[in-house]
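Please keep the sequence and the coordinates at hand while reading.

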Amino acid sequence: QTETAAEMRGALAWAALLTAAAAVCCATANDGGFPDCWTPPSGSAGYLPAGTKASRWSRRMVLSYMDGRTVQGMESMVWTPEKFTWLAGYRDSTDGNPIVDYMFDSFLLIGYEWLDGKAFWPGASEEPLNQTDWEGFMQVQFDSGVKNIDQAVETVNDALGNPNYKATIVFMIPYPDARATKWGTINGQPIDFSVNKDRITACNWYVDKVMSTWEQYDPQRVQNIGFYWFYEEIPDTDDEHTLLRSLADHIHSFGQEYGFQWIPYFGASGRDIAYDLGFDAVTYQPNYAFNNATIDRFYDVVTDACKLHIGIEMELPLDCTNPNVNWQQNFNNYLTAASVYRFQTDSLLSFYYGNDFVSMGTTPTTYSYYQQLYWLVRGSYPNPPN
């Protein structure tokens with residue numbers, strides 16, 4: 001992809017910001033077992049950096065959950081342009097919460113639960129999703145995601161006097177659960193997910209539907225940069241490898257501006273061959289927030305990430321299931337790790353999860369965490385950006 005002059009200026013400005021932030025990375029207070037300073041393992045490839053062709057020039061991607069709970073009207077899962085302004089932009093704590101800067105530049109439209117007790121994770125529900133479910137989820141991605149983000153970015157641009165800025169969108173592809181032997185039909189042919197070629201056909205069909213629907217919606221302030229593979233592990237089978245390589249080829253056939261992204265859980269199978277299977281950008285879940293883990297987990301994660309040349313996911317929910325910490329301690333530990341291990345400056349980052357970040361910002365008692373999140377996104381934590 002050829003960078004425009006504006007993109008080049010943006011990249012240079014980002015590099016300058018990260019250089020300044022790196023100067024303070026080792027000065028962070030490290031209570032609780034973090035090293036005073038850290039350098040990447042000798043001989044490793046290092047983190048996958050932000051703002052490169054691999055991520056289609058995106059730097060900080062926020063996971064925005066929308067699914068069956070959105071359809072059912074659950075407040076935290078229902079999106080509006082106003083809510084998305086808290087993610088596309090950074091809003092100050094003064095009266096009216098004015099927009100004073102940009103924040104996340106990329107949005108992953110992702111879901112977990114669907115209607116009728118169904119779930120996207122294979123085996124998490126008694127009944128697998130069918131073609132109608134996939135179509136319904138795609139409609140949610142466009143109506144709750146694309147339309148609202150497009151309007152939110154326009155609002156942020158107007159506030160900042162920058163009418164030409166565009167955020168980027170990444171679409172989750174549902175996993176083709178092999179239990180769905182009567183998934184639906186494509187071009188009059190029945191699709192059976194116990195047959196791998198039918199799984200490939202359905203995934204390609206989903207990509208095609210997203211691409212054609214995007215043209216119909218014609219959003220003006222967001223850009224589609226590709227797709228995300230939902231299943232967080234890769235079974236070590238020829239069928240799974242063939243599926244992913246075929247899907248990656250299909251996505252890339254639309255042009256080099258479209259990429260294929262993945263976010264494996266800690267220790268997931270397949271993370272060491274992700275690039276061989278066609279993924280362009282990978283961020284790695286520490287899962288410190290959800291496992292019975294100690295601070296040492298971050299060292300293990302960054303060592304693996306540098307070895308594999310992948311990025312890092314920040315997991316900052318308002319609740320966490322690690323029995324050793326509450327959500328505030330979890331938040332602080334992730335941000336300290338990002339500073340000490342330098343992934344706030346050196347790595348592509350994804351952020352879990354946007355629904356809670358809106359709540360942080362709009363609730364006075366948690367606003368300070370939203371503010372610190374902004375500092376991290378801008379690469380300056382533990383200090384405010386200049």
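Q: Which residues in helix 5 meet helix 6, and which residues in helix 6 do they meet?
A: The model is a predicted one, and the contact counted here means heavy atoms within 4.5 Å. On the side of helix 6, the residues are Asp239, Glu240, Thr242, Leu243, Ser246, Leu247, His250 and Ile251. Those in helix 5 that meet them are Asn196, Arg199, Ile200, Cys203, Asn204, Val207 and Asp208.

Q: How do the residues of the contact of helix 5 with helix 6 divide into nonpolar, polar and charged?
A: In this division Cys counts as nonpolar, while Asp, Glu, Lys and Arg count as charged. The contact of helix 5 with helix 6 then divides into 6 nonpolar, 5 polar and 4 charged residues.

Q: At what angle do helix 5 and helix 6 pack, and is their arrangement roughly parallel or roughly antiparallel?
A: Helix 5, residues 196–217, and helix 6, residues 238–252, have axes 10 Å apart and pack at an angle of about 25 degrees. Angles under 35 degrees count as roughly parallel, so helix 5 is placed in that class relative to helix 6. The crossing of the two helices is right-handed. The values asked for are therefore about 25 degrees and roughly parallel.

Q: Is the crossing of helix 10 and helix 11 left-handed or right-handed?
A: The axes of helix 10, residues 354–362, and helix 11, residues 367–377, come within 6 Å and cross at roughly 120 degrees. That angle makes helix 10 oblique to helix 11. The crossing of this pair is left-handed.

Q: Which residues of helix 10 and helix 11 make the contact, and how many of them are charged?
A: Helix 10 contributes Phe357, Met360 and Gly361 to the contact, and helix 11 contributes Tyr367, Tyr369, Tyr370 and Leu373. The residues of this contact divide into 6 nonpolar and 1 polar, and the number of charged residues is none: no charged.

Q: How many of the residues of helix 10 are buried, and against which elements do they pack?
A: Buried means under 20% relative accessible area, and the residues of helix 10 that are buried are Gly354, Asn355, Asp356, Phe357, Val358, Met360 and Gly361. Helix 10 is largely enclosed by the rest of the structure, because 7 of its 9 residues are buried. The elements against which these buried residues pack are strand 1, helix 3, helix 8, strand 12 and helix 11.

Q: Is Asn330 buried or exposed, and which residues does Asn330 touch?
A: Asn330 lies in helix 8, which runs over residues 327–340. Its relative accessibility is 0%, so Asn330 counts as buried. Not counting residues up to four places away in sequence, Asn330 touches Tyr288, Ala289, Glu315, Leu316, Pro317, Cys320 and Val325.

Q: What span should the 13 residues of helix 7 have, and how far apart are the end C-alpha atoms?
A: The buried residues in helix 7 are Arg297, Phe298, Val301, Val302, Asp304, Ala305, Cys306 and Leu308, and they pack against strand 10, strand 11, helix 8 and helix 9. Just after helix 7, His309 takes a positive phi of about 60 degrees. At 1.5 Å a residue, helix 7 (residues 296–308) should span 18 Å, which agrees with its end C-alpha atoms being 19 Å apart.

Q: Where does Arg56 lie, and is Arg56 buried or exposed?
A: Phi of Arg56 is near 55 degrees, a positive value in a residue other than glycine. Arg56 lies in the loop between helix 1 and strand 1. With a relative accessible area of 7%, Arg56 is buried.

Q: What phi does Asp218 have, and what is its relative accessibility?
A: Asp218 is found in the loop between helix 5 and strand 8. Phi of Asp218 is near 50 degrees, a positive value in a residue other than glycine. Asp218 counts as partly exposed, because its relative accessibility is 48%.

Q: What omega does the peptide bond from Tyr352 to Tyr353 have?
A: Tyr353 lies in the loop between strand 12 and helix 10. The peptide bond from Tyr352 to Tyr353 is cis, with omega near -10 degrees.

Conventions. Residues numbered from 1 in each chain as written. Predicted model: local features only at pLDDT ≥ 70, side-chain atom pairs only at ≥ 80, totals over all residues. Heavy atoms only, no water. Axes fitted to C-alpha atoms, helices over the stretch in contact; angles between N-to-C directions. Helix = DSSP H or I, 4+ residues; strand = E, 2+ residues; numbered from the N terminus. Parallel < 35°, antiparallel > 145°, perpendicular 65-115°, else oblique. Left-handed = near helix turned anticlockwise from the far one by under 90°. Buried < 20%, exposed > 50% of the residue type's maximum accessible area, 1.4 Å probe, protein only. Expected span 1.5 Å × (residues − 1).
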